[in-house]
Amino acid sequence: MKKVLAILLAILMIATLAACGNGGGGGSDDKGFVGIAMPTQSSPRWVNDGANLVAQLEELGYRTILQYGEDVVADQIAQIEDMIVQGVDFLVIASIDGSALGGVLAQAAEADITVIAYDRLIMDTADISFYTTFDNFAVGVMQANSLLLGLGINDGATGPFNIELFGGSPDDNNAFFFYDGAMSVLEPLIEDGTLVVQSGQVGMQQVGTLGWAAETAQSRMEDLLNAFYADQRLDAVLSPYDGISLGILSALRGAGYGSEQDWPVVSGQDATRAGVQSIIDGEQFATVFKDTRDLAAATVRIIEAITNGTEPPINNTTDYNNNVFYVPSYLLDIVHVDATNWEVELIDTGYWTLDDFNLS
Ligand code: BGC
């Protein structure tokens with residue numbers, strides 16, 4: 001009997017260790033247990049976000065579990081349910097579909113778990129406490145301004161310039177902030193004829209890119225080029241994310257841009273490795289750098305404050321309404337990056353190293 005019990009105990013211990021390994025769990029649990037649910041590993045920013053959160057929390061003595069939903073909503077919900085069952089004290093969630101988590105977060109509320117929406121606001125629920133993010137409207141403004149810079153409009157160029165617009169994923173609240181921010185700059189110039197959208201496609205319903213997918217953007221760009229730019233030049237493309245910019249640039253390459261004629265000015269976001277390489281290669285014009293280390297730090301500061309019973313640091317209570325309430329938020333600043341400053345902003349700050357890029 002004793003032997004059987006010992007074997008059972010050993011199996012249980014191995015299973016527990018394996019579960020921790022699968023989820024990337026670790027750290028001591030003296031201070032608390034934090035479940036981290038991230039959307040996908042397909043973009044390096046989320047990989048960095050997860051790693052930064054784990055490192056910073058474990059350094060402070062928290063235990064963590066990290067899971068990626070790989071853009072499958074049901075999987076992310078199952079991962080969060082599992083974290084609740086495992087007894088986390090905090091949930092840090094970058095949602096895949098911001099409106100799909102109400103049910104599972106009701107369970108979290110019953111278990112008294114503090115939920116922090118990370119980067120993407122979680123919509124239609126009262127069961128979140130905080131939101132940490134970058135100034136998303138400012139991201140869109142910066143993307144649009146990068147197009148004006150590239151087109152020379154700031155230096156007096158009057159156009160008219162042909163432009164096409166791409167938005168992010170309509171199930172991500174951020175995508176609307178990015179688009180609205182960009183249009184706050186572009187709309188007056190479209191109205192006065194400096195910029196012309198030959199396709200006439202404007203508004204998130206027409207320009208959104210489900211799942212932020214490069215392939216979707218590429219095929220829409222190909223369609224636009226075939227339908228509207230067979231005998232005229234496209235001068236600029238508003239792109240909300242480096243991954244989408246890559247798809248757009250592939251379509252443009254196929255139509256002879258970058259060889260027979262100059263690339264249009266293309267914006268981006270996240271300073272992904274591929275995006276920065278594209279800037280170095282003279283293809284993509286600019287990106288918006290969001291230092292994910294700072295976002296992790298802002299999130300960890302809130303967790304620490306709650307643990308220590310002090311006031312959680314927030315700096316915005318008026319911009320992010322999730323259809324139920326204005327969520328107390330902490331917004332971080334962003335940085336414009338192009339061929340003139342990528343080394344200063346990305347290498348000197350240690351976000352990337354020179355070895356990450358091909359400079360020949
Ligand atoms: C994030 C962006 C990212 C996009 C696609 C958004 O919610 O704020 O940084 O480019 O998702 O992953």
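Mentor: Buried means under 20% relative accessible area, exposed means over 50%, and partly exposed lies in between (1.4 Å probe, protein chains only). The model is predicted, so local features need pLDDT of at least 70 and side-chain atom pairs count only at pLDDT 80 or more, while totals for chains, interfaces and linings use all residues. Residues are numbered from 1 along each chain as its sequence is written, and side-chain values use heavy atoms, with hydrogens and water left out.

Trainee: Why is Trp-352 called buried?

Mentor: Its relative accessible area is 10%, and the limit is under 20%; Trp-352 is therefore buried.

Trainee: How do you know whether Tyr-351 counts as buried or exposed?

Mentor: Tyr-351 has 11% relative accessibility, so it counts as buried.

Trainee: What makes Tyr-351 and Trp-352 an edge-to-face pair?

Mentor: Rings of Phe, Tyr and Trp (its six-membered ring) pair if their centres lie within 6.5 Å; planes under 30 degrees apart are stacked, over 60 edge-to-face, and the rest tilted. For Tyr-351 and Trp-352 the values are 5.8 Å centre to centre and 85 degrees between the planes, hence edge-to-face.

Trainee: Why are α5 and α6 called oblique to each other?

Mentor: Angles under 35 degrees count as roughly parallel, over 145 as roughly antiparallel, 65 to 115 as roughly perpendicular, and the rest as oblique. The axes of α5 (residues 136–151) and α6 (residues 173–191) cross at roughly 40 degrees, and the two helices are therefore oblique.

Notes:
Axes are lines fitted to C-alpha atoms, for helices over the stretch in contact, and angles run from 0 to 180 degrees between N-to-C directions. Helices (H or I, at least four residues) and strands (E, at least two) are DSSP runs, numbered from the N terminus.
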